[in-house]
Amino acid sequence: MVPCILPWDIAEATFKCGAFRRAFFEDVDSCHRQCARYWIEATKCEWGLLHPLSSQSAEDWQFQIPVFWHLDDVQMAETSGAPVAHTVVSWSSSLTTGSTGLTKHVFLTFPRDDTVPRKTMAALAEVIAWVMTAMQTGRRPAADPAGIPMQSPAEEFAPPWCFSMSGLKHDLEARVKAHVDCKTYNHNYVCMLCSAHKHMQCLYMGDLRENAYFAKTIIGDTDHVRLYNVSPWLKVPGFAYSRALYDQMHLLYHNGFISDFVSSCLIDLLHHEQVLGADLDDALDEMTSKFLKWRSEQRRYPNDSRHDFARLTRLRIKWKGDHAFPELTMCYKCGTVRLFMYFLNDFLTEHVPGGTRYQQVRALCAWSFSKYMEVLRNGRAVLSPDEQAEAVKHGQTFLNQYVVLHQHCKLLRRKLWKIRPKAHYEWHVIDGLRSSAMNPRYGECWLEESLLGQVCKTFSRCHGATRMAAGLHRHIRFLIDIWYREESQAECWLAN
Ligand SMILES: [Zn+2]
């Protein structure tokens with residue numbers, strides 16, 4: 001038996017202390033409308049039509065809160081010996097990206113199993129299927145997965161609210177493990193959603209145009225089950241493979257697409273065009289100073305300036321000459337890479353004249369990405385039709401221009417603007433926006449990463465032998481503190 005914090009207990013506790021709406025909604029004044037809109041949008045897609053909720057009336061949808069589950073591994077310190085990897089499973093509402101303690105909920109943790117990962121994942125999916133079956137009715141289950149009667153069976157935990165499965169969040173490594181994928185970034189066929197290939201010209205994964213050839217090979221959820229049917233998560237009511245979400249944080253900033261953009265752009269500007277002088281080392285140093293100054297003055301973008309910025313050097317952007325792609329090393333956190341991209345957009349607009357066609361394409365590429373992110377940042381869980389059209393337009397422009405830059409440098413025998421499988425997966429994220437207005441920002445793992453950091457801190461203090469239970473106890477104490485504060489606040493509001 002693995003100890004866990006049951007989701008209906010969390011829902012009930014937040015409900016009783018008056019923090020329910022803040023825990024599950026970003027906009028607490030239009031909760032019912034947000035839920036209804038979410039499921040209306042879902043039923044425009046195949047997974048929504050396959051969802052158990054599609055048989056309910058639209059009236060009932062306004063009480064169904066969509067839920068994301070999240071899987072990832074953390075290294076927990078051991079008192080003696082090397083750190084041990086633990087898998088952390090958490091859940092949250094799909095309608096909020098709010099603060100960690102109140103909105104992201106730990107379900108359980110267990111030591112990562114590398115010997116029988118399939119069996120472990122199948123057992124986990126079975127438990128979550130049991131949880132979601134009960135959550136969807138808004139009532140506690142009568143018996144546990146082993147058939148043993150539960151306390152307070154069939155009792156409503158937060159009437160009239162219920163919770164339904166919407167998707168699964170993970171990074172690429174956890175994704176492969178969770179769904180037993182046979183086509184991954186390590187294979188020539190890189191994608192489970194289509195037949196994109198690393199080298200084959202006609203199905204080349206780096207063809208990022210809207211009408212790329214591989215786009216004709218995309219398979220839907222029903223065909224996916226017929227063809228593969230291996231993901232244990234298919235047992236969870238409401239889950240379809242297209243709801244194994246791509247996390248843009250990892251795709252773009254964690255050794256990803258935008259990390260490649262930033263490093264290539266730096267080499268392009270400072271080495272090939274020498275906009276800050278002939279010496280690359282001095283130019284990198286000056287670029288660092290310009291970025292730090294810009295960061296302290298700008299107010300437009302999310303800015304986590306707690307982290308020191310490691311000054312740019314040849315080593316940190318892995319610059320070895322025109323025969324190898326430059327890459328940002330992992331000393332740059334995702335938030336920093338994102339901010340640096342916005343800085344480059346401003347820098348290109350203000351300091352580089354853009355005289356040549358190539359320079360114009362580069363500036364347009366950076367600008368379109370910033371606009372794409374701006375639309376997602378300002379949008380709610382379901383984008384308006386205008387926002388959806390804007391996001392697709394800017395996202396696709398960014399992809400198109402990136403490919404132009406890559407091909408141009410290829411002709412010059414310069415290895416810049418790398419195309420890796422993550423670029424292909426980002427194509428799917430932008431392509432998904434054509435048929436669905438669900439905001440991909442809500443599928444990103446920024447706050448889950450914060451939760452993992454906090455879990456790691458709490459659980460690492462416990463003894464390895466009793467960690468799974470003792471860590472959860474400590475975590476519950478932390479939650480009680482948050483709920484107590486929320487209750488005091490709620491009482492104050494009522495008193496006024
Ligand atoms: Zn694909």
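**Figure 1. Contacts of Val 262 in the predicted model.** Leaving aside neighbours within four places in sequence, Val 262 is in contact with Leu 328, Val 337, Phe 340, Met 341 and Leu 344. The model shown here and in the other views is predicted. Val 262 is also one of the residues that touch the most other members of the largest nonpolar core, together with Ile 258, Leu 266, Val 337, Met 341, Leu 344 and Tyr 402. That core holds 127 residues, and its largest share, 10 residues, comes from α13. In soluble globular proteins, nonpolar side chains tend to be buried together.

**Figure 2. Helix α13, residues 334–351**. Of the 18 residues of α13, 13 are buried, so the helix is largely enclosed by the rest of the structure. At 1.5 Å a residue, α13 should span 26 Å, and the distance of 25 Å between its end C-alpha atoms agrees with this.

**Figure 3. The cis peptide bond between Pro 159 and Pro 160**. The bond from Pro 159 to Pro 160 has an omega near 5°. Pro 160 belongs to the loop that runs between α7 (117–135) and β4 (162–170). Most residues other than glycine have a negative phi, and most peptide bonds are trans.

**Figure 4. Asn 255, a residue other than glycine with positive phi**. The phi of Asn 255 is near 55°. The residue sits in the loop between α10 (248–253) and α11 (257–272). Asn 255 counts as partly exposed because it has 17 C-beta neighbours inside 10 Å.

Figure 5. The 27 residues of α15 should span 39 Å at 1.5 Å a residue, and its end C-alpha atoms are 39 Å apart, which agrees. Trp 417 is not a glycine, yet its phi is positive, about 60°. With 26 other C-beta atoms within 10 Å, Trp 417 is buried.

Figure 6. Leu 376 is buried, with 21 other C-beta atoms within 10 Å; the cut-off for a buried residue is 20 or more. Not counting residues up to four places away in sequence, Leu 376 touches Ala 391, Asn 439, Pro 440 and Arg 441. Ile 419 is 43 residues from Leu 376 along the chain, and the C-alpha atoms of the two are separated by 23 Å.

**Figure 7. Helix α17 and its buried residues**. Helix α17 covers residues 446–460. Its 15 residues should span 21 Å at 1.5 Å a residue; the end C-alpha atoms are 21 Å apart, in agreement. Glu 448, Glu 449, Leu 451, Leu 452, Val 455, Thr 458 and Phe 459 are buried in this helix. An α-helix has 3.6 residues a turn, so residues three or four places apart point the same way. For Glu 449, 22 other C-beta atoms lie within 10 Å. Between Glu 449 and Val 392 there are 27 Å in space, C-alpha to C-alpha, and the two are 57 residues apart in sequence.

**Figure 8. Ala 278 in the loop between α11 and α12**. Helix α12 covers residues 280–297. Ala 278 counts as exposed, with 9 C-beta neighbours inside 10 Å. The C-alpha atoms of Ala 278 and Gln 407 are separated by 26 Å, and the two residues are 129 residues apart along the chain.

**Figure 9. The contact between domain 2 and domain 3**. The protein is divided into domain 1 (7–176 + 452–495), domain 2 (181–229) and domain 3 (248–442). The C-alpha centres of domain 2 and domain 3 lie 25 Å apart. Domain 2 gives 10 residues to the contact and domain 3 gives 11 residues. On the side of domain 2 that touches domain 3, the residues divide into 7 nonpolar, 1 polar and 2 charged.

**Figure 10. Confidence of the prediction, with helices α15 and α18**. The protein averages a pLDDT of 91, and 97% of the residues score at least 70. Among the elements of the protein, α15 has the highest mean pLDDT (97). The lowest mean pLDDT, 78, belongs to helix α18 (residues 467–495).

Conventions: Residues are numbered from 1 along each chain as its sequence is written. This is a predicted model: local features need pLDDT of at least 70, side-chain atom pairs count only at pLDDT 80 or more; totals for chains, interfaces and linings use all residues. Helices (H or I, at least four residues) and strands (E, at least two) are DSSP runs, numbered from the N terminus. The expected span of a helix is 1.5 Å times one less than its number of residues. A residue is buried if 20 or more other C-beta atoms lie within 10 Å of its own, exposed if 12 or fewer, and partly exposed in between; C-beta atoms are placed from the backbone. A nonpolar core is a set of buried Ala, Val, Leu, Ile, Met, Phe, Trp, Tyr and Cys residues joined through C-beta atoms within 7 Å. Two residues are in contact if their C-beta atoms, placed from the backbone, lie within 7 Å. pLDDT is the predictor's confidence in each residue, from 0 to 100. Domain bounds come from an automatic or database domain assignment. Ala, Val, Leu, Ile, Met, Phe, Trp, Tyr, Cys and Pro count as nonpolar, Asp, Glu, Lys and Arg as charged, and the others, Gly among them, as polar.
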